[in-house]
Amino acid sequence: TFDLRMTRPNFEPVMNTAEIHTIEHLGATFLRNHKEYKDKIIYFGPMGCMTGFYLIIKDLSFETVIDVIKEMFQEIACWDKEIPGAKKEECGNYTYMDLEKAKESSQFFIDSNWEHEYHLL
């Protein structure tokens, strides 16, 4: 289990729920469909504190997990298509999305200094 911290708790502002919801849709879809690791992904979802996400995987090295996480956030930061699962018949809150903020937060995560331990716990 990995805690993916997008913002530093009690230091930086938390993310808004529409932004988190969008990252959840894009990130979960990316991970569930990953060409190499889709069978290793158990769960990807938001933290209740609105500072990041939980990722539960099986049988992947720490280095591989970091590579997959970076790949996922790069995909989100560049996303220019319809948000997967954001239709009335697929999501109970399908209109509550913020793609631009999700892209901005994903780029911030990519650009952050990975030397800080708060990103992956």
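**Core.** I began with the largest nonpolar core of this predicted model, taking a core as buried Ala, Val, Leu, Ile, Met, Phe, Trp, Tyr and Cys residues joined through side-chain atoms within 4.5 Å. Buried here means under 20% relative accessible area, exposed over 50%, and partly exposed in between, with a 1.4 Å probe and protein chains only. The core holds 31 residues, and Leu4, Ile23, Leu31, Phe44, Phe53, Leu55 and Phe73 touch the most other members. At least two core residues come from each of E1 (2-5), H1 (17-32), E2 (41-46), E3 (52-57), H2 (62-77) and H3 (99-111). Helices (H or I, at least four residues) and strands (E, at least two) are DSSP runs numbered from the N terminus.

**Ground rules.** I number residues from 1 along each chain as its sequence is written. As the model is predicted, local features need pLDDT of at least 70 and side-chain atom pairs 80 or more, while totals for chains, interfaces and linings use all residues; side-chain values use heavy atoms, with hydrogens and water left out.

**Phe53.** I listed its contacts (heavy atoms within 4.5 Å). Setting aside residues up to four places away in sequence, Phe53 touches Phe2, Asp3, Leu4, Met6, Met15, Ile20, Ile23, Glu24, Phe44, Gly45, Pro46 and Met47.

**Ser105.** This one sits in H3 and counts as buried because its relative accessibility is 13%. Beyond neighbours within four places in sequence, Ser105 contacts Met6, Met15, Glu19 and Ile23.

**H2.** I checked the length of this helix next. The expected span is 1.5 Å times one less than the number of residues, so the 16 residues of H2 should span 22 Å, which agrees with the 23 Å between its end C-alpha atoms. Its buried residues are Thr64, Val65, Ile66, Val68, Ile69, Met72, Phe73, Ile76 and Ala77, and their cover includes E1, H1, E2, E3 and H3.

**H2 against H3.** At what angle do H2 and H3 pack? The angle is about 145 degrees, with the axes 8 Å apart; axes are lines fitted to C-alpha atoms over the stretch in contact, and angles run from 0 to 180 degrees between N-to-C directions. Ile69, Phe73, Gln74, Ile76 and Ala77 of H2 meet Ala102, Lys103, Ser106, Gln107, Phe109 and Ile110 of H3.

**Positive phi.** I also looked up two non-glycine residues. Asn10, in the loop between E1 and H1, has phi near 60 degrees and is exposed, because its relative accessibility is 84%. Met50, in the loop between E2 and E3, has phi of about 70 degrees but is buried, because its relative accessibility is 18%.
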